[in-house]
Amino acid sequence: MTRLAIDGGAPVRATPLKAPPREIGEPEFAELRRVIEAGVMNRWSGGKLVDEFEEAFARFYGVGTAVGSTSGTAAIHLAVGALNPEPGDEIITAPITDLGTIIPILAQNAIPVFADVDLETFNMDPDDFERRITPRTRAVIPVHLGGNPCDMDRILAIARKHGLMVIEDCSQCYCASYRGKWTGTMGDFGCFSLQQSKHMTTGDGGITVTDNADLGELAKKFGAKGRPLYTADGARHYHSFGFNYNMTELHAAVALAQLGRVKGVCESRTRSGELLTSLIGELPGVHPQRVLEGCHSTYWFYAMRLVEEEAGVSVGRFAECMKAEGIPCGVHYIGKPIFLYDSLRPKQVYGTSHYPWSLQDPEHAVRYEEGECPNTERALREMITIPLHESYTEGDVRDIAEAVGKVVSGEW
């Protein structure tokens, strides 16, 4: 029996494992110099790099259109804006997500509806998704949590059956493969985040992709205030309503350089995540986030459930022990389903009104209450997250596995 570090034993790592800052260097500086030397930092004032980045990202993903924006939230808003739902229409999404998935729905006066997750993948359960479809449902936003692809075959089949748009939230999911296809390319839209912690970053930013030219044009206009165009008389013509989500030339410069890094980043994380699962997947009480057959996650983080009755240790105690062994570890992720937070549960986001929820028939109104998504509640109670980084070596991953085994079984 090996004594745990928290109880005075030697830790697995004398120096705690810590991910270095994101790799940013000469390629990014070189692209930024182009912008500074040109003296133009706005695409509509003669800038070229936003166009270059959008074209390069579209080629990288094999789609017809990519639209840069200011955040992952904005990227989803472009897609929802292109859908242009009626006030009170419903959009189904997952309850384990960031508020950035929900803001665009409410910004368009639609109502977010939450389908429960599969207990093993932590992603949207297709059966529960279909159960929550009503005559007012217009779209579904599956969230590929932590880089793990959703069950897209079933989600797409259900969506097509009911005439729904599919908007993939790929904020945590670059370059992940689903049975030969990349996440973000199967739905009507794929939406990506460039926030600091993502697989590729500009500090903040977003990208929306589609292979539908008409939808792509609508998304472009929506993110550029209806895209004011100039005619021969010099007047501005605003053709439709929209928001100002224009990506700057500076962000596009960094994004161009980061695009050259992202595939390697994702491949490294996939190797590390799959190795870790192979090492800990049979330990008692340890249930790694399941990756569907024929798919590969790109592990924005490594997630698993720890079942106390099987592992002999609580989630909180496990995390404390892991940190003592020199391995960073988080518990419960977002804590509870996103709709149970005060930002959504009271159904009050516009002043003192309950709009758009007030448009629903009270007898059939969406409920934001405990028990609505039981798998989600259990998954979050039992969830452990371990950071992965593209710089981790095989030895680093084996240290993580050794620490997990030591804490769960008391030996390795």
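How do the residues of the lining of the second largest pocket divide into nonpolar, polar and charged? In this predicted model, the count is five nonpolar, 11 polar and four charged. The volume of this second largest pocket is about 320 Å³. Its lining comprises 20 residues, and D98, G100, S171, S193 and K198 are the closest to the pocket centre. Two helices, α3 (72-83) and α4 (99-107), each supply at least two lining residues. The largest share comes from α3, with three residues.

The largest pocket holds about 390 Å³ of space. It is lined by 15 residues, of which E90, T134, H364, A365 and V366 lie closest to the centre. By class, this lining has seven charged, five nonpolar and three polar residues.

One cavity of 30 Å³ or more is present in the structure.

Helix α11 spans residues 374-382. Its buried residues are T376, E377, A379, L380 and E382. These buried residues pack against three elements: β14 (302-306), α10 (315-324) and β16 (383-386).

Methods: Residues numbered from 1 in each chain as written. Predicted model: local features only at pLDDT ≥ 70, side-chain atom pairs only at ≥ 80, totals over all residues. Heavy atoms only, no water. 1 Å grid on protein atoms, 1.4 Å probe; cavity = no way out; pocket = protein on both sides within 12 Å on 5 of 7 lines; lining within 4 Å. Points joined across faces, edges and corners; volume = space filled by probe spheres on them. Buried < 20%, exposed > 50% of the residue type's maximum accessible area, 1.4 Å probe, protein only. Helix = DSSP H or I, 4+ residues; strand = E, 2+ residues; numbered from the N terminus. Contact = heavy atoms within 4.5 Å. Nonpolar A, V, L, I, M, F, W, Y, C, P; charged D, E, K, R; others polar.
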